[in-house]
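Hi,

Here is the structure I said I would pass on. Have a look, and my notes follow below.

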Amino acid sequence: SRTRVLLHPDFTVGTVDRRLFGSFVEHLGRAVYTGIHEPGHPTSDEHGFRRDVADLTRELGVTTVRYPGGNFVSNYRWEDAVGPVEQRKPFLDLAWRTVEPNLVGTDEFLQWAEREGIQPMMAVNLGTRGVEEAVALLEYCNGEAGTRWADLRIANGREKPYGVKLWCLGNEMDGPWQIGHKDAHEYGRLARNAGAAMKLVDPSIELVACGSSSMQMATFGEWERTVLEYTYDLVDHISMHAYYEEVDGDRASFLGSGTAMDRFIERVVASADAVGAQRRSDKRITISFDEWNVWYLTTRFPGEENLPIQRDAPRIIEDVYSGLDAVVVGDLLVTLLNHADRVPVACLAQLVNVIAPIMTEPGGEAWRQPTFHPFATTARLAQGEALDLRVTTPGITTKAHGEVPSVTAAATLSDGTVALFLTNRSPEPVEVELAHPGAALDVTEGWSMTADHEAAVAGPEHAEKVAQAHWGSFDVAGRVAGGVGTTTTVTLPPESW
Ligand code: AHR
């Protein structure tokens with residue numbers, strides 16, 4: 001049976017919010033220190049931030065960066081990391097059991113983001129702290145002169161408010177590993193109280209309530225329902241987090257991860273809409289998918305509780321990615337684009353060194369992991385409206401997700417330019433018949449990532465090798481048979497994006 005993709009410019013899903021191409025910088029491992037920040041590095045600017053990493057961040061097309069955590073935020077005292085650096089004291093972060101030197105804090109991060117044209121997304125600590133600290137931090141960031149915390153910011157050298165728009169009400173509060181973990185009622189009440197107070201400081205902000213840490217959580221569904229019953233009228237978004245990995249060599253299930261993400265989104269949307277329906281509300285809660293990626297969490301990560309206390313930005317969770325991982329990342333982006341109407345915000349977790357598309361050596365190079373390429377290309381090309389495609393394709397049976405489509409597709413349309421994203425999850429090449437009755441297409445560029453069986457090895461040389469072997473622009477004339485009226489045929493290599 002064949003694969004057919006039907007696209008028509010009149011059938012759209014919704015506008016692609018640029019914040020879909022967000023990422024995440026947590027005070028974890030080497031994400032901040034020797035990641036974005038490394039005074040004395042040959043490329044560092046006068047603020048101690050690495051130019052090479054900032055340049056790659058721009059090339060990646062990242063629009064929004066979430067900060068400062070992650071699990072880290074749930075025991076963070078933001079006040080300890082503002083003001084004169086030499087007066088700041090290190091603290092023991094219990095989430096990752098690492099000594100945090102507090103050299104980079106709110107001001108350093110927000111000014112870096114501003115210089116790089118990135119919209120920040122801040123999280124408040126609802127683990128060990130509460131309403132008072134949340135409103136204080138918001139006032140510090142967004143307040144006008146004349147009140148305590150805004151004046152402290154000004155005294156610290158920053159006159160103009162930062163105007164941070166997006167705020168997470170805590171992080172993964174459903175997770176028993178979270179410092180100050182709460183049940184759904186405790187968290188729902190706290191999120192509502194903190195959020196309501198924050199909106200009194202600055203009514204223009206958007207709030208994200210914590211959803212489930214993954215679809216596998218025992219409380220999934222019930223958690224969303226309860227939390228939204230407390231916060232429905234107040235928050236704009238509910239968060240989703242999901243990490244995927246290849247387990248026991250089950251390649252087919254891993255390649256089908258995008259379908260798992262798709263079902264997860266549909267279930268969270270259904271849970272949110274059920275709460276809205278019961279309230280007879282016309283408001284629609286949207287999703288902040290503020291942590292997603294491939295992460296070899298169960299197979300390579302030793303487990304948070306076993307970490308010894310470390311200092312000096314230890315190397316933790318530095319996953320090395322293969323072409324296969326990059327194909328899956330590309331396919332996860334296909335899923336996100338197909339939900340453009342309900343997912344306006346998403347963050348690839350994370351940006352640098354920690355499960356990241358960008359890697360660095362202290363004092364040395366910065367380089368792109370294979371997963372960098374599908375992200376950067378999607379961020380660059382997915383513009384305007386996401387199209388509502390009709391895809392007919394054979395199914396593949398997987399152990400983890402049952403039947404999944406062998407080919408997935410998403411497309412966007414902007415100013416007469418279509419960007420089409422396709423994943424072939426099957427081990428065979430697939431010919432895709434692309435029907436576009438709305439107009440003829442003139443194919444101008446093509447890029448592809450293939451999976452292959454290449455083992456992942458650390459270092460810039462490997463990343464370069466993967467780029468040469470698996471990633472690149474393809475010869476459009478060789479692979480695309482176009483121009484025949486309103487049908488174009490594209491051949492997809494096995495296991496490719
Ligand atoms: O991104 C790494 C960690 O994954 C984050 O700190 C946490 O929120 C999630 O469990």
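How near do the axes of helix α5 and α6 come, and at what angle do they cross? The axes of α5 (residues 184–201) and α6 come within 8 Å and cross at roughly 35°. Before I go on, the ground rules: this is a predicted model, where local features need pLDDT of at least 70 and side-chain atom pairs count only at pLDDT 80 or more, while totals for chains, interfaces and linings use all residues. Residues are numbered from 1 along each chain as its sequence is written.

Helices and strands here are DSSP runs numbered from the N terminus (H or I, at least four residues, for helices; E, at least two, for strands). Axes are lines fitted to C-alpha atoms, for helices over the stretch in contact, with angles from 0 to 180 degrees between N-to-C directions.

**Helix pairs**

Contact means C-beta atoms, placed from the backbone, within 7 Å.

α6 (residues 222–231) also pairs with α8 (residues 257–278): their axes come within 9 Å and cross at roughly 40°. That makes α6 oblique to α8 (under 35 degrees is roughly parallel, over 145 roughly antiparallel, 65 to 115 roughly perpendicular, and the rest oblique). This crossing is right-handed. In α6, E224, R225, L228 and E229 do the touching, and they meet V268, S271, A272, A274 and V275 in α8.

**Buried spots**

All 16 of the 16 residues of α9 are buried, so α9 is largely enclosed by the rest of the structure. Buried means 20 or more other C-beta atoms within 10 Å of a residue's own, exposed 12 or fewer, and partly exposed in between.

T371 sits in the loop between β14 (366–368) and α10 (372–381) and is buried, with 30 other C-beta atoms within 10 Å. Y321 is 50 residues away in sequence, yet its C-alpha is 6.8 Å from that of T371.

Most residues other than glycine have a negative phi, and most peptide bonds are trans. Two cis bonds to look at: G69 to G70, with omega near 15°, and A349 to Q350, with omega near 0°. I355 has a positive phi near 35°, and it is buried, with 26 other C-beta atoms within 10 Å. E495 has a positive phi of about 40°.

Cheers

How values were computed. A crossing is left-handed if the near helix is turned anticlockwise from the far one by less than a right angle, and right-handed if clockwise. Two residues are in contact if their C-beta atoms, placed from the backbone, lie within 7 Å.
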